[in-house]
Amino acid sequence: MAIESLFRGKSCNEIRESAFGLSKRLAQTAQETFRDFEEAVEKDATKTAVSDGTVHPLTSYVINYVKFLFDYQSTLKQLFQEFENGDSNSQLASVTMRIMQALQTNLDGKSKQYKDPALTNLFLMNNIHYMVRSVRRSEAKDLLGDDWVQRHRRVVQQHANQYKRIAWAKILQCLSIQGLTSSGGSNSMGVDGQNSSGPNARLSYLLLDN
C-alpha cells in the first residue's frame, strides 16, 4: 500500500495509523456522498416543465456530475482498492450505474406528467438518448460497457417507435375526419367509377399502405 511504503519503521507507527484512519474515513465519506446523490436524483420532485419533450435540466446536471466524477477516478479507485473488497473498476462502475438508474427512474416519473402519450415517449426518447450519447463519448463507456449502451439504445428505439405510432395515428385520424367533412358525410363517384371520400381520405389510405 502507498501509505505503508511512505511511512515505514516503528517511529512512523502513529503517523501511519492516523493516515490509514483518515483515508478510510475519506473513502466512507465518498461512498455516503454517492448514496446521498443517488437518493436525491431518484427522489427529485422539481416541477420544471419541459413542454416540448426535450432534455430535462436534471438529466444534464446528473450527466455533468458523472463526467466530473471521472475526472477523479484514479483517486476514487485507489480509495476503493485499499479500503473496500473487490475490484476498484467494478465498484466505480457500480456507483455510476446506480446513479444512471436513479436518473432513469426519476425520468420515468416525470414523463407521466404529460397528458399526451406522444410527448411522454418523446421525452423519454430524448433524455435516454442524451444519456447514451454522453456515455459513449466519455470514459464511463469503459466501465459501463457496450452491453449497457446497446440495452439503452434499444430503449430509445422503443420510445421512438411508440412516438411515431401515436403521432401518425393522430394525423391519420385528423385526415379521415377532414375527408368525411369535405364529402358531406357521403361518398361521391370518381371518374373511374370507384367510390371516393375526397383527397384527404385518399391520402390517409396511402399513408396506411406505407
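This is a predicted model: local features need pLDDT of at least 70, side-chain atom pairs count only at pLDDT 80 or more; totals for chains, interfaces and linings use all residues.

Reader: How many helices and strands does the protein chain have?

Author: Helices (H or I, at least four residues) and strands (E, at least two) are DSSP runs, numbered from the N terminus. The protein chain has eight helices and two strands. Along the sequence their pattern is α-α-α-α-α-α-α-β-β-α.

Reader: What share of the residues in the protein chain is buried?

Author: Buried means under 20% relative accessible area, exposed over 50%, and partly exposed in between (1.4 Å probe, protein chains only). Of the 210 residues in the protein chain, 38% are buried. A contact, in turn, means heavy atoms within 4.5 Å. Among contacts in the protein chain between residues at least 6 apart in sequence, 65% join residues at least 24 apart.

Reader: At what angle do the axes of helix H5 and helix H6 cross?

Author: Axes are lines fitted to C-alpha atoms, for helices over the stretch in contact, and angles run from 0 to 180 degrees between N-to-C directions. The axes of H5 (residues 88-111) and H6 (residues 117-136) cross at roughly 165° and come within 9 Å. Angles under 35 degrees count as roughly parallel, over 145 as roughly antiparallel, 65 to 115 as roughly perpendicular and the rest as oblique. H5 and H6 are therefore roughly antiparallel to each other.

Reader: Which residues make the contact of H5 with H6?

Author: On the H5 side they are Met100, Leu103, Gln104, Leu107, Asp108, Lys110 and Ser111, and on the H6 side Thr120, Phe123, Leu124, Asn127, Ile128, Met131 and Val135. For classes, Ala, Val, Leu, Ile, Met, Phe, Trp, Tyr, Cys and Pro count as nonpolar, Asp, Glu, Lys and Arg as charged, and the others, Gly among them, as polar. The contact of H5 with H6 divides into eight nonpolar, four polar and two charged residues.

Reader: What is the arrangement of H3 and H5?

Author: The axes of H3 and H5 lie 11 Å apart, at an angle of about 175°. H3 and H5 are therefore roughly antiparallel to each other. Residues of H3 in this contact include Leu58, Val62 and Leu69, and those of H5 include Leu92, Ile99 and Leu103. The contact of H3 with H5 divides into 13 nonpolar, three polar and one charged residues.

Reader: How many aromatic pairs are there?

Author: A pair of aromatic rings is described by the distance of the centres and the angle of the planes. Rings of Phe, Tyr and Trp (its six-membered ring) pair if their centres lie within 6.5 Å; planes under 30 degrees apart count as stacked, over 60 as edge-to-face and the rest as tilted. By this rule there are four aromatic pairs. Phe37 and Tyr65 form a stacked pair, 3.7 Å centre to centre with 10° between the planes. This pair links distant parts of the chain, with Phe37 in helix H2 and Tyr65 in helix H3, 28 residues apart. Phe37 counts as buried, at 11% relative accessibility. Tyr114 and Phe123 form a tilted pair, 5.5 Å centre to centre with 50° between the planes. Tyr114 is buried at 16% relative accessibility, and Phe123 is buried at 1%.

Reader: Which residues form one aromatic cluster?

Author: Phe37, Tyr61 and Tyr65 form one aromatic cluster.

Reader: Is Glu38 buried or exposed?

Author: Glu38, in helix H2 (residues 13-43), is buried, with a relative accessible area of 18%. Not counting residues up to four places away in sequence, Glu38 touches Arg98 and Ala102.

Reader: Where does Ser138 lie?

Author: Ser138 lies in the loop between H6 and helix H7 (140-182). Ser138 counts as partly exposed, at 24% relative accessibility. Ser138 and Val66 are 72 residues apart in sequence and 9.6 Å apart in space, C-alpha to C-alpha.

Note on methods:
Residues are numbered from 1 along each chain as its sequence is written. Side-chain values use heavy atoms; hydrogens and water are left out.
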